[in-house]
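Subject: Handing over the two-chain model

Hello,

I am passing on the structure that I have been looking at, and I would be glad if you kept it open while you read the notes that come after it.

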Amino acid sequence: MRLYSSHMLRRRLIKGVAAGALLPWVAPLPAQENASLTEPAESIVPALKQITQGAAVRRGKIKLEIPFLAENGHLVPLKVSVESPMSAADHVSVIYLLSEKNPRPVIAKVMFTAHSGRAELVTRIRLAMAQRVVAVAQMSDGSFWSDTREVVVTETACLDAT
Amino acid sequence: MSIARLQVPSQAKRGEIIDIRVAIQHPMETGFRRNNLGQAIPKNTINNLVCRYNGVEVFRAEMGSGIAANPYLQFTIVADTSGNIELDWVDDAGEKGSASAAIQVVA
C-alpha cells in the first residue's frame with residue numbers, strides 16, 4: 001500500500017523546498033552564537049586580566065555544565081570539571097567562576113591540590129539575568145583554559161540595585 | 001553559629017576518590033538588598049572555606065555574592081589514610097564555623 005499519492009508527495013517536496021528557502025535566515029544564528037562564545041564578554045575582561053596577568057586563555061580541557069534554562073536565578077545548579085591527571089607535577093590549581101552580568105563578576109575561586117583526585121566541583125550559584133557564565137582553570141604549569149555556557153534566567157536573583 | 005551538614009563516606013578503599021559534600025546554612029547576603037526600613041543590609045558571604053585532610057589542606061573555596069544562599073559544595077579527595085576531614089570557614093562578619101567527619105581507609 002502506498003502512503004502518498006504522487007501529487008501529495010510533490011506537495012511535500014514543495015513544502016520542503018519552501019522551508020529550505022527560509023533556512024538562510026535561520027542558519028546564521030547558531031553560527032553567530034558560537035563565534036561570540038570564543039570571545040569573552042567585555043564585562044568579564046577586567047576580572048579575567050587580573051586573573052591571567054596577560055597570559056593566553058585557551059578553550060578546552062575544562063567543562064562547565066549548567067542547565068540552559070534556569071527558572072530561578074537565586075539557585076542555579078552548576079558543575080565544573082577539568083581533564084587532568086591530578087598528579088603532583090600536573091594538576092589543576094585554581095578554578096575561577098565568572099559571570100558576565102552579575103554585579104560582581106567573580107562568583108568563586110576554588111583551589112585544588114594533587115590530593116583532590118579529580119578537579120571537579122558541584123555548587124549552586126546566583127545569576128542576575130540571562131547571561132554567559134565562564135569557567136577558567138589555572139593548571140599547575142600556569143596555563144589557562146576556559147569554557148563558556150549561556151544561561152537563560154527567567155527570575156532574577158537581584159531584586160535591588162542590579 | 002552556622003549549621004552545616006558534611007557528608008563523607010565512613011569507609012573507603014585506599015586510593016579511592018571519594019566525594020565530599022557540604023551544605024552550610026548561611027544567608028550569603030549580597031550587600032545589594034535593603035531591609036524594610038530602607039537601610040542597606042551589609043554584604044556577608046562565606047569568603048573562605050578550607051578543607052583539611054589529616055591536617056593537610058586539600059581544597060579551598062573563596063566565595064562571593066554569586067554563590068547561592070545556603071552554599072552547597074561537592075568536591076573530591078583521594079582517601080589514602082584513615083583520619084579526619086575537617087572543614088573550616090569564615091564569613092565577612094568574622095563569624096567562624098567548622099565541621100568534621102572521620103573516615104576509615106581499608107586496604
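This is a predicted model: local features need pLDDT of at least 70, side-chain atom pairs count only at pLDDT 80 or more; totals for chains, interfaces and linings use all residues.

Residues are numbered from 1 along each chain as its sequence is written, chains are lettered from A and ligands numbered from 1 in the order in which they are written, and side-chain values use heavy atoms, with hydrogens and water left out.

Aromatic rings

Searching the whole structure gives two aromatic pairs over all chains, where rings of Phe, Tyr and Trp (its six-membered ring) pair if their centres lie within 6.5 Å, and where planes under 30 degrees apart count as stacked, over 60 as edge-to-face and the rest as tilted. One of them is edge-to-face and joins Phe112(A) to Phe59(B), with 5.6 Å from centre to centre and 75° between the planes. This pair crosses between chains, since Phe112(A) belongs to strand β6 (residues 106-112) of chain A and Phe59(B) to strand β5 (residues 56-63) of chain B; strands here are DSSP runs (E, at least two residues), numbered from the N terminus.

Phe59(B) also pairs with Phe75(B), this time in a stacked arrangement with 3.7 Å between the centres and 0° between the planes. Because Phe59(B) lies in strand β5 of chain B and Phe75(B) in strand β6 (residues 72-79) of chain B, this pair ties together parts that are 16 residues apart in sequence.

Strands around Phe59(B)

Two strands pair if DSSP finds at least two bridges between them, and β6(A) and β5(B) do so in the antiparallel sense over five bridges, with Phe112(A) standing opposite Phe59(B). Within chain B, five bridges join β4(B) to β5(B), which run antiparallel, and here Cys51(B) stands opposite Phe59(B). β4(B) and β5(B) form a hairpin with two residues between them, and Asn54(B) in the turn has a positive phi of about 55°.

Salt bridges

Glu100(A) lies in the loop between β5 (92-99) and β6 of chain A and Arg132(A) in strand β8 (residues 131-139) of chain A, so the pair ties together parts that are 32 residues apart in sequence. Glu100(A) is buried at 14%, and Arg132(A) is buried at 13%.

Another salt bridge, in chain B, brings Glu29(B) and Arg33(B) to 2.6 Å, N to O; Glu29(B) is buried at 11%, whereas Arg33(B) is partly exposed at 43%.

Best wishes

Terms used. Helices (H or I, at least four residues) and strands (E, at least two) are DSSP runs, numbered from the N terminus. Buried means under 20% relative accessible area, exposed over 50%, partly exposed in between (1.4 Å probe, protein chains only). A salt bridge is a side-chain nitrogen of Lys or Arg within 4 Å of a carboxyl oxygen of Asp or Glu.
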